[in-house]
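Reader: I have a chain up on my screen and would like to talk through its side-chain contacts and its surface. Could you start with the contacts?

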Amino acid sequence: MQAVKEKLQDMNAMRKAKSEARAEEKAEKEIAKARIEIAHEVRLAKEAEAAMDLHVSRAGERAEKEIAKHTSNNNPNDDVGMNSMETTNQPPYTTN
């Protein structure tokens, strides 16, 4: 009778240990899944930030071009353009 009682106690202890191990494994899997999801979101945020930086730099370049275009159009004393090309004594470049 005592041996059967000890065997039942051992079985209950094993069941409890397995249950705790499963719960711990489940918690670790949830943590790992959360880390993967966080890493994914961080990657998306970095990509979005890089895309935004690209758009900002392109917008800045376009703004500079527009400002330069309007500044050169508003300055009539500027000798840049066709007038400087006419004063050279070299023949025009042609391809054969």
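Author: E25 and K29 lie 4 residues apart in helix 1 (residues 2-74), so about one helical turn separates them. Helices here are DSSP runs of H or I with at least four residues, strands are E runs of at least two, and both are numbered from the N terminus. The side chains of E25 and K29 meet in a salt bridge, at 3.7 Å from N to O, where a salt bridge means a side-chain nitrogen of Lys or Arg within 4 Å of a carboxyl oxygen of Asp or Glu.

Reader: Before we go on, what kind of model is this?

Author: This is a predicted model, in which local features need pLDDT of at least 70 and side-chain atom pairs count only at pLDDT 80 or more, while totals for chains, interfaces and linings use all residues. Residues are numbered from 1 along each chain as its sequence is written, and side-chain values use heavy atoms, with hydrogens and water left out.

Reader: OK, and are E25 and K29 buried or exposed?

Author: E25 is partly exposed, at 42% relative accessible area, whereas K29 is exposed at 55%. Buried means under 20% relative accessible area and exposed means over 50%, with partly exposed in between (1.4 Å probe, protein chains only).

Reader: How many salt bridges are there?

Author: The count comes to 3 salt bridges. One of them joins R43 to E47, with the closest N and O atoms 2.7 Å apart, and K69 pairs with E66 at 3.3 Å between the closest N and O atoms.

Reader: How far apart in helix 1 are R43 and E47, and K69 and E66?

Author: R43 and E47 are 4 residues apart in helix 1, which means about one helical turn between them; K69 and E66 are 3 residues apart in helix 1, again about one helical turn. R43 is partly exposed at 39% relative accessibility, as is E47 at 44%. K69 also counts as partly exposed, at 42%, and so does E66, at 37%.

Reader: Switching to the surface, which residues make the nonpolar patch?

Author: V4, L8 and M11 make a nonpolar surface patch of about 280 Å². Patch residues have over 30% relative accessible area and no salt bridge, with nonpolar side chains (Val, Leu, Ile, Met, Phe, Trp, Tyr) joined within 5 Å and like charges within 9 Å. L8 is found in helix 1 and is partly exposed, at 48% relative accessibility.

Reader: And what about the chain as a whole?

Author: The chain has 2 helices and 0 strands, and buried residues make up 0% of its 96 residues.

Conventions:
Accessible areas come from the Shrake-Rupley method with a 1.4 Å probe; for residues, only the protein chains shown count as cover.
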